[in-house]
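Please look over the sequence and the model below. The paragraphs that follow start from one residue and then widen to the whole chain.

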Amino acid sequence: MSTTEAIERGIGPAANRGYRAYVLALLMVVYTFNFIDRQILAILLPYIKAELNFTDGQLGLLGGPAFAIVYSTLALPIAWFADRVSRVSIVGVSLAVWSGFTAVCGLATGFWTLFGARMGVGIGEAGGVAPSYSLVADYFPKSQRARALAFYSFGVPIGTALGYLFGGLLAEHINWRIAFMIVGGVGVLLAPLLKFTVKDPVRGGFDRVATAQDAPEVTHVPTKAAGFNEVWGVLLKKPSFWFLAFGAACSSVYGYGAAFWLPSFFQRSLGMEGVDRALYIAGIAFIGGTAGIWLGGWLADKLGKGTKKAPYPLVPAVCFIIAVPMFFLAMNVQDKWLAFALFLIPQALSLAWLGPVVTAVQHLVPAHMRSTASASFLLINNLVGIGLGIYLLGAVSDYLTPRFAEEALRYSLYVGQWFYALAAILLIIAARSLKRDWVD
């Protein structure tokens, strides 16, 4: 029996196809809760603002720095630990922690208590994504990784949509505090299922198969975890990593910012309230987001075969260029259903980067460095994207309010759109060195 056959039958690192599909689906569900708990605050903003009298700047701090600072900085040491111990255990514990703190958000009595609870959500979520990227990469061969990581990334639009939907429905029919408590409690109950049904695969198992087939005399791929200095020593020499990371970060400035503030924009500028607003924004997030993520992963796997590596950053770069005018057009249409249809296009295009770019990052280092390399990427992406984007749009809205009143948020969103253009430029530059930096 060949090594590849052993892997497919579960003797090697990744069990059979049915089990791999189960693991991928469950990890995607966990990622969905990651984004439900992360984004539910966005739909609850009007209710929280009305009760606790927060400014847009304060709300931006709750959605951005309160979460992003601990989330981004702790992700790196947790990922270093995940390269040495069970990744599944780390993701399971992280899920329980961030879900528990989401429930605690419902007990907030003022700005600083809610700020502290949001920091707790960030602490928990710091251990969720990078180890999961590494798990997916070790469960699927490289020819399927962009699509597998794209499927995993469905957690972004599905979680965002469900956060909008459940948060809006619960806040409207009960109150915003109960919304936090219910979605947090469900996440805590999910953690044992992950812990006791998912196994850690052998690190780099599929990569060893590829190495042995390409060069039979070389059959060893390191599996002992690398230290920070070793990983960063590799990454510092690879310019494509930095252009990919900062390109993704620039896209996330507006991506996270828009996801956080668009529900408030629909209320202030389009007059949408309650359940109607929740259903509207949830539909945009789910339909547009899932279509865009799958399109990006499918195109990257199709166009990036063999020695062609440039499509991994070029596909999302083109998408960002098209997304800028489409967002502007969608925000300036009077008919809400025509606007809904138009919003689907930039929503899809803005998330097409997830599968291709994350896959490219996985291939910039050997398998035993993947969790730490992914966390390094996420450190840059999230610290800049979440930390700056959400707060920046809120602060600009506060600054413009004396002049534009309720329409200030509209103009703040216009300003943020240009980060997509900057992201496209950086990803185009990344394409020039990616083939040279790629590790098979």
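Pro-311 is found in helix 15, which covers residues 311–330; helices (H or I, at least four residues) and strands (E, at least two) are DSSP runs, numbered from the N terminus. The relative accessible area of Pro-311 is 14%, so Pro-311 is buried, where buried means under 20%, exposed over 50% and partly exposed in between, with a 1.4 Å probe and protein chains only. The C-alpha atom of Pro-311 is separated by 9.7 Å from that of Val-357, 46 residues apart along the chain.

Val-357 is one of the buried residues of helix 17. Helix 17 spans residues 354–362 and is mostly covered, with nine of its nine residues buried. Among them are Leu-354, Pro-356 and Gln-362.

This is a predicted model, in which local features need pLDDT of at least 70 and side-chain atom pairs count only at pLDDT 80 or more, while totals for chains, interfaces and linings use all residues. Residues are numbered from 1 along each chain as its sequence is written, and side-chain values use heavy atoms, with hydrogens and water left out.

The protein as a whole has 20 helices and zero strands. Of its 440 residues, 62% are buried. Taking contacts (heavy atoms within 4.5 Å) between residues at least 6 apart in sequence, 84% join residues at least 24 apart.

The second largest pocket holds about 170 Å³ of space. A pocket is an open set of points on a 1 Å grid over the protein atoms alone, where a 1.4 Å probe fits, with protein on both sides within 12 Å along at least five of seven lines; lining residues have an atom within 4 Å of a point. The pocket is lined by 15 residues, and the closest to its centre are Lys-49, Asp-56, Arg-268, Thr-401 and Glu-406. Helix 2 (17–52), helix 3 (56–63), helix 13 (239–268) and helix 18 (370–404) each give two or more residues to this lining.

Confidence is given by pLDDT, on a scale from 0 to 100 for each residue. Its mean over the protein is 83, and 90% of the residues reach 70 or more. Where pLDDT is low, the predicted coordinates should not be read in detail.

How values were computed:
Points joined across faces, edges and corners; volume = space filled by probe spheres on them. pLDDT = per-residue confidence, 0-100.
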